[in-house]
Amino acid sequence: MTTAFTFLLIVAASGAALLILISDNWHGIIAGLGIQYLIAFLMVTQVWPVGLAAIKLVAGWLACVLLSLTASPDLIFDNIYAVRAARIFRFTSTFIIFILIFAAAPIMNSWLPIPYDHLLIGLMMIGFGILQLGFSRIHFRIFSGILTLLTGFEIIYAPLEGSALLAAILAGITLAIGLIGSAVFRRDRVQGNQ
Amino acid sequence: MNAPILWILLPLLTSILLFFLRRWRIVINIIGTGLSLLLAILALVLPIDQAMQPGLVNLSITSEWNILGRVLTINQVDLPFIAFLYFMASVWFFLSWDSEKCFMFIPIGLGASAILISALAVNPFIYAALLIEVAVLGFVLMLLESSQPVSQGIIRFLSLQTMGMPFILLAGWFLASGEITPINQSQLILSVTLLVLGFAFWIGLFPLHTWMPMIAEKGEPIIVGFIFSVLPLAVLFFLMDFMNSYAWLRDYPLLYPVLRWLGGFMVLFSGIWSFFQKGLKGIFAYLAIALNGMALLSLGIKGLDGILILTFFLFPRFLSLLLFAFSLHILGKNEHDGQIEKLNGLAYRAPFSTVALLISILSITMIPFLPGFPLIQRLISDLINLSVLSLLMVLLGIILFMVKGFQIFLQAVQKDEEFIEIKENTQNRVLIGISIIMGLLTGIVPGTMNTIMIQTAEKFIQLLR
């Protein structure tokens, strides 16, 4: 893969992660997730046939659709999360994760014989996903964190192993998480209305 | 006929059918319980890859089924485990007959059991990690149905189990590549670390155990009991499959001591945590963690002895969880929140539930004739020679559980002016009575009661050496 294209993908992955972490509305988070799945598709097509890689894109976007079916602004509203200091903190944490991953990726690449750009972008997504999981108790953000983490892992694992069954099960897991997220948000809304 | 179709596809399709019938609780209960029991019995009597001649019909069951370029294989050695898993499922399904919060339990439970069996049948076996994650997603849906509002424990359960899967898959890749090319020491350490981390997430090792008390607190006891009894069992068998498959993982000198330390630590910390619990539901979760710890400990004893203890321990483990969950279920039906300080007079109003609770907690404390006694006594005598540290941790944990058990007993026999309001009906008494008798028989004649369980060890031929 050309350096310019890799650079573009790294910038896009970071931008999508920042959008998910900093955004205050669910549209931004879903858009960020959608971009992440597009990046994952572009990465996986380097090592898998396009048809097989497309399963990831379709499953990911379908999961986004499922999440957005029951999403609403009150589901992600959090006073503490919205203040300026919290945003700066999240931005700084993202930056620290970014530096850590850039520092650790070359060593990890000596253990895992996969293309460096796969490892870098995959690790970035895993790191951002864990940040997202740890930052908030809001279900919408937790589900987007789980999906981000899984996407990162899929990018790393794709060069190691590729089969129709693997693609099918991973796509099924992504869809099921989207479905469970949707059910959870519906219950949250019912609870909120009561 | 094909074994994976019979024990995986058939229950999966039935679970889909039951999903549409979920409003008819009695119907799904009868079908779910009946089918699980039938599959368990068939796993005990049907031979695989051998021609069978029942009367005029020549029926033969083959072991393999190709799906999406991979193979699902159920061999003769897998059948005892399948029988045990479906037997457990049928008991849990049966007990859910009077629970109003279990609409999705049987449809999803049956499907999840089939998925867990496919996890142990898939080739290459590393795909099992993905299938266990699929089963976890089913468990989450099952818990969601009985929890309003959505408890934080369910979300944590999902997050932690999902985080465990990548570690296992990567560890599996490292170990599999070691079969092709020589692996160096740093790669070996890395793969073992990944493996331990992955299983720590899955089995609920401190501090990754927090989902267990949380779902026990908020969830329906029957559903939680089902998850606690089925999920760690599949995870343990998957771990044994790992150890059985890779010689250089088995021969890694630190593996067995690490398993013993982790197991001992799980028993110790669950003993400490349960000692400070004020409610029975919390103790239930920590008892499940301690039982998982005991299983890891027995796996940490190399050779035939460890595997024998582990397989013998599976039935008492199931009975402990069953008795505790059913007692909690009866308390819940009587609007009791399970707080220990409110158990005054329980022994007079609900003697069967009281005995069930006490047997459940005390069965891991080496009290003679209780279900776990012969195995824990054997485990401890092995640990004396292997690891003093693990032994001390286990003994301390056991003592703390014993103290907690006696505290519950004293509270239950207390005659206060305010007696607990609780009723045990005849069906409940019969069910608990049968479970107690089975438990006592397991403690008194363990060899006879565990003849089927011992056959599960035959799958792990390398570990028996």
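This is a short chat about chain B of a predicted model and a nonpolar patch on its surface.

Me: Before we start, what should I know about the model and the numbering?
Reply: The model is predicted, so local features need pLDDT of at least 70 and side-chain atom pairs count only at pLDDT 80 or more, while totals for chains, interfaces and linings use all residues. Residues are numbered from 1 along each chain as its sequence is written, chains are lettered from A and ligands numbered from 1 in the order in which they are written, and side-chain values use heavy atoms, with hydrogens and water left out.

Me: How many helices and strands does chain B have?
Reply: Chain B has 20 helices and 5 strands, which are DSSP runs (H or I, at least four residues, for helices; E, at least two, for strands) numbered from the N terminus.

Me: And how much of chain B is buried?
Reply: Of its 465 residues, 63% count as buried, meaning under 20% relative accessible area, with exposed over 50% and partly exposed in between (1.4 Å probe, protein chains only).

Me: What box do the C-alpha atoms fill?
Reply: Taken along the principal axes, the C-alpha atoms of chain B fill a box of roughly 75 × 55 × 45 Å.

Me: Changing topic, which helix holds Ile399(B)?
Reply: Ile399(B) lies in helix α17 of chain B.

Me: Why does Ile399(B) count as partly exposed?
Reply: Because its relative accessibility is 46%, Ile399(B) counts as partly exposed.

Me: Which element gives the largest share of the nonpolar patch?
Reply: That is α11(B), with 3 residues.

Terms used. Patches are made of residues with over 30% relative accessible area and no salt bridge: like charges are joined within 9 Å, nonpolar side chains (Val, Leu, Ile, Met, Phe, Trp, Tyr) within 5 Å. Accessible areas come from the Shrake-Rupley method with a 1.4 Å probe; for residues, only the protein chains shown count as cover. A salt bridge is a side-chain nitrogen of Lys or Arg within 4 Å of a carboxyl oxygen of Asp or Glu.
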